[in-house]
Amino acid sequence: MNEVKRVAKVGETIKVIHEYNPGWRQQPYPIGSKWVVRKVFNKSKGLVACDDNEFCISMKDYVVIE
């Protein structure tokens, strides 16, 4: 499997490479975790939402698993 830095598409698996923790809630995307994309909110920023997670993640914080 290859790790590619690009915008993910619905149904693809992403791997978290940077954590963002605002300090007021639990870490929604721990580093190294893998998620399946369920919706793309902003294609230019690569902002996606994943299955079983109510928060979004930006392309700067993930790679796509191919």
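This briefing walks through the salt bridges and the aromatic pair of the structure above. The model is predicted, so to speak of local features a pLDDT of at least 70 is needed, side-chain atom pairs count only at pLDDT 80 or more, and totals for chains, interfaces and linings use all residues. Residues are numbered from 1 along each chain as its sequence is written, and side-chain values use heavy atoms, with hydrogens and water left out.

**Salt bridges**

- The whole structure holds four salt bridges, each being a side-chain nitrogen of Lys or Arg within 4 Å of a carboxyl oxygen of Asp or Glu.
- Arg6, Glu12 and Glu66 join up in a network of such bridges.
- The Arg6 and Glu66 pair links distant parts of the chain, 60 residues apart: Arg6 is in the loop between strand 1 (3-4) and strand 2 (13-16), and Glu66 is in the segment after strand 6 (62-65).
- Strands here are DSSP runs of E, at least two residues, numbered from the N terminus.
- Another bridge joins Asp61 and Lys60, with the closest N and O atoms 3.3 Å apart.

**Exposure of the partners**

- Buried means under 20% relative accessible area, exposed over 50%, and partly exposed in between (1.4 Å probe, protein chains only).
- Asp61 is buried at 8%, whereas Lys60 is exposed at 54%.
- Glu66 is partly exposed at 48%.

**Aromatic pair**

- One aromatic pair turns up in the whole structure, and Tyr29 and Trp35 form it edge-to-face, 5.1 Å centre to centre with 70° between the planes.
- Rings of Phe, Tyr and Trp (its six-membered ring) pair if their centres lie within 6.5 Å; planes under 30 degrees apart count as stacked, over 60 as edge-to-face and the rest as tilted.
- Tyr29 and Trp35 are both buried.

Definitions and conventions
Helix = DSSP H or I, 4+ residues; strand = E, 2+ residues; numbered from the N terminus.
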